[in-house]
Amino acid sequence: MTGETCPDVFELSDGSFAVIGTDRTEDLDALLPADAARADYERIVVITRDTLLRAKRDIPDA
């Protein structure tokens, strides 16, 4: 609404969450832990710790 571009987390009408962040797939793909996987259509998106902590209050517990 402010016209600023910044990381954000928001809830979609179907209850899923969308994240706006920096695409770091090429940098981090090879560094994923052994128990993590990414489909070809998925990207690794990085947001700041501050962004996630601020979003926490808007994410329901259930």
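## Confidence in the model

The structure is a predicted model, and the mean pLDDT of the protein chain is 88, with 92% of its residues reaching 70 or more. Where pLDDT is low, the predicted coordinates should not be read in detail.

## The hairpin of β1 and β2

- Strands β1 and β2 form a hairpin, with five residues between them.
- The pairing of β1 with β2 is antiparallel and runs over four bridges.
- Two of the facing positions can be named: Val 9 has Val 19 in β2 as its bridge partner, and Phe 10 stands opposite Ala 18 in β2.
- In the turn of the hairpin, Gly 15 has a positive phi of about 95°.
- As a general point, side chains in a regular strand alternate between the two faces of the sheet.

## A nonpolar patch on the surface

- Three residues, Phe 10, Leu 12 and Ile 20, form a nonpolar patch on the surface.
- Together, Phe 10, Leu 12 and Ile 20 have about 240 Å² of accessible area.
- Leu 12 is placed in the loop between β1 (8-11) and β2 (17-20).
- Leu 12 counts as partly exposed because its relative accessibility is 36%.

## Salt bridges

- The count of salt bridges comes to four, and three of them are described here, beginning with the pair Asp 23 and Arg 43.
- In the salt bridge between Asp 23 and Arg 43, the closest N and O atoms are 3.2 Å apart.
- This pair links distant parts of the chain, 20 residues apart: Asp 23 belongs to strand β3 (residues 22-23), while Arg 43 is in the loop between α1 (25-28) and β4 (45-46).
- Both partners are partly exposed, because the relative accessibility of Asp 23 is 44% and the relative accessible area of Arg 43 is 45%.
- A salt bridge also joins the side chains of Arg 24 and Asp 27, at 3.0 Å from N to O.
- Arg 24 has a relative accessible area of 31% and is therefore partly exposed; Asp 27, with 48%, is likewise partly exposed.
- Asp 50 and Arg 54 form a salt bridge in which the closest N and O atoms are 2.8 Å apart.
- Both Asp 50 and Arg 54 lie in helix α2 (residues 49-56), and their separation of four residues is about one turn of the helix.
- The relative accessibility of Asp 50 is 42%, so Asp 50 counts as partly exposed.

- Thr 51 lies in helix α2.
- Is Thr 51 buried or exposed? Thr 51 is buried, because its relative accessible area is 13%, and the limit for buried is under 20%.
- Apart from neighbours within four places in sequence, Thr 51 is in contact with Pro 7, Asp 8 and Val 9.
- Thr 22 is part of strand β3.
- With a relative accessible area of 46%, Thr 22 is partly exposed.
- When neighbours within four places in sequence are left aside, the contacts of Thr 22 are Ile 44, Val 45 and Val 46.

## Separations in sequence and in space

- Thr 22 and Asp 35 are 13 residues apart in sequence, and their C-alpha atoms are 23 Å apart in space.
- Asp 40 is located in the loop between α1 and β4.
- Asp 40 is exposed because its relative accessible area is 76%, which is over the 50% limit for that class.
- Asp 40 and Ile 20 are 20 residues apart in sequence, with 19 Å between them in space, C-alpha to C-alpha.

Key:
Residues numbered from 1 in each chain as written. Predicted model: local features only at pLDDT ≥ 70, side-chain atom pairs only at ≥ 80, totals over all residues. Heavy atoms only, no water. Patch = residues over 30% accessible without salt bridge, like charges linked within 9 Å, V, L, I, M, F, W, Y side chains within 5 Å. Areas by Shrake-Rupley, 256 points an atom, 1.4 Å probe, with all protein chains shown as cover. Buried < 20%, exposed > 50% of the residue type's maximum accessible area, 1.4 Å probe, protein only. Pairing = 2+ DSSP bridges. pLDDT = per-residue confidence, 0-100. Contact = heavy atoms within 4.5 Å.
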